[in-house]
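Please read the points below with the model open beside them. They go from the whole chain to single residues.

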Amino acid sequence: FNNPEVWPTGNGFRARLVDGGDLMVGMGRLNRVSGAVLGEESQWAVRAQSGSSPFRVDQVANKPGPLSCACIVSGGESVLYWLAKDYNVYRFDGVQCIAVGWAMKPYVSATIDPGNEKMANGVYVDELNKIFWLFPDQSSASAGPNRGIFLAMNTGEMGRLSSPRPITAMG
């Protein structure tokens, strides 16, 4: 179960959520005994249990899933956030999945390059208590992300980000 050689990752890794009919995009930890599986069009809670099956898996919602596994960000204990395929931001706590990014959805829709949306990436910056999502616009798609949005965890405030050059690992 914990052997990375048995569980491949990266481009092309897909697992079918049999009851959901969609593909798994990513997973995240909710708390010590539960996690979340996020599909292209469904959200699942996975909880530890005793008995012959160590996990109980419940489909919780049918909302748009993350653009990529890199868009899934832990927003503190028991909560995951992601930039979704409909360009909204969603919050999932294992009980409900709600859209929280209505303020930035028009901006993302107007600027993101749909052909390269899987380049989108998210990160939580503890010092600022904010989640940042970066994505490419149509002019810089081949070079990397140059646009983004943020979500302030303490206030719910959202805002736009723009860089004159694509953001890469090299600066």
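**Notes on the predicted model**

1. Of the 171 residues in the protein chain, 40% count as buried (under 20% relative accessible area; exposed is over 50% and partly exposed lies in between, with a 1.4 Å probe and protein chains only). The model is a predicted one, in which local features need pLDDT of at least 70 and side-chain atom pairs count only at pLDDT 80 or more, while totals for chains, interfaces and linings use all residues. Residues are numbered from 1 along each chain as its sequence is written, and side-chain values use heavy atoms, with hydrogens and water left out.

2. Confidence. The mean pLDDT (the predictor's confidence in each residue, from 0 to 100) of the protein chain is 85, and 85% of its residues reach 70 or more. By element, the lowest mean belongs to strand 1 (residues 16–17), at 53, and the highest to strand 8 (residues 89–92), at 98. Over residues 6–15 the pLDDT stays under 50, and the model has seven contacts beyond four places in sequence for this stretch; contact means heavy atoms within 4.5 Å. Where pLDDT is low, the predicted coordinates should not be read in detail.

3. Secondary structure. Read from the N terminus, the order is β-β-β-β-β-β-β-β-β-α-β-β-β-β. Among contacts in the protein chain with a separation of 6 or more, 37% are between residues 24 or more positions apart.

4. Strand 3 (residues 34–39) and strand 4 (residues 43–48) run antiparallel and are joined by five bridges; two strands pair if DSSP finds at least two bridges between them. They form a hairpin, with three residues between the two strands. Within this pairing, Ser-34 stands opposite Arg-47 of strand 4. Strand 4 also pairs with strand 5 (residues 55–61), again antiparallel, over six bridges. There, Gln-43 is opposite Ala-61 in strand 5.

5. Which order do the strands of the open sheet of four strands take? The order is 6-7-8-9, with antiparallel pairing. Strand 6 (73–74) and strand 9 (97–99) are at the edges with a single partner strand each, so one side of each is left without a neighbour in the sheet. Two bridges hold the antiparallel pairing of strand 6 with strand 7 (residues 80–83). Val-73 has Tyr-81 of strand 7 as its bridge partner.

6. Aromatic pairs. The whole structure contains three aromatic pairs, where rings of Phe, Tyr and Trp (its six-membered ring) pair if their centres lie within 6.5 Å; planes under 30 degrees apart count as stacked, over 60 as edge-to-face and the rest as tilted. In one of them, the ring centres of Trp-82 and Tyr-90 are 6.0 Å apart and the planes are at 15°, so the pair is stacked. Trp-82 and Tyr-90 are both buried.

7. Ala-84. This residue lies in the loop between strand 7 and strand 8. Ala-84 is buried because its relative accessibility is 0%. Leaving out residues up to four places away in sequence, Ala-84 touches Pro-64, Gly-65, Pro-66, Leu-67 and Tyr-90. Ala-84 and Gly-101 are 17 residues apart in sequence, with a C-alpha to C-alpha separation of 9.7 Å.

8. Cysteines. How many disulfides are there? The count is zero, taking a disulfide as a pair of cysteine sulfur atoms within 2.5 Å. For Cys-69, the nearest cysteine sulfur is that of Cys-71, 8.5 Å away. Cys-69 counts as exposed because its relative accessibility is 54%. Cys-71, likewise in no disulfide, counts as buried at 0% relative accessibility.

9. Asp-137. This residue is in the loop between strand 11 (130–135) and strand 12 (147–152). Is Asp-137 buried or exposed? Asp-137 counts as buried, because its relative accessibility is 7%. Its side chain makes a polar contact of 2.8 Å with the side chain of Ser-139; such a contact is a pair of N or O atoms within 3.5 Å, and within protein one must be able to donate a hydrogen and the other to accept it, with residues adjacent in sequence counting only if both atoms are side-chain atoms. Another polar contact, of 3.3 Å, joins the side chains of Asp-137 and Arg-147. Leaving out residues up to four places away in sequence, Asp-137 touches Thr-111, Ile-112, Asp-113, Asn-146 and Arg-147.
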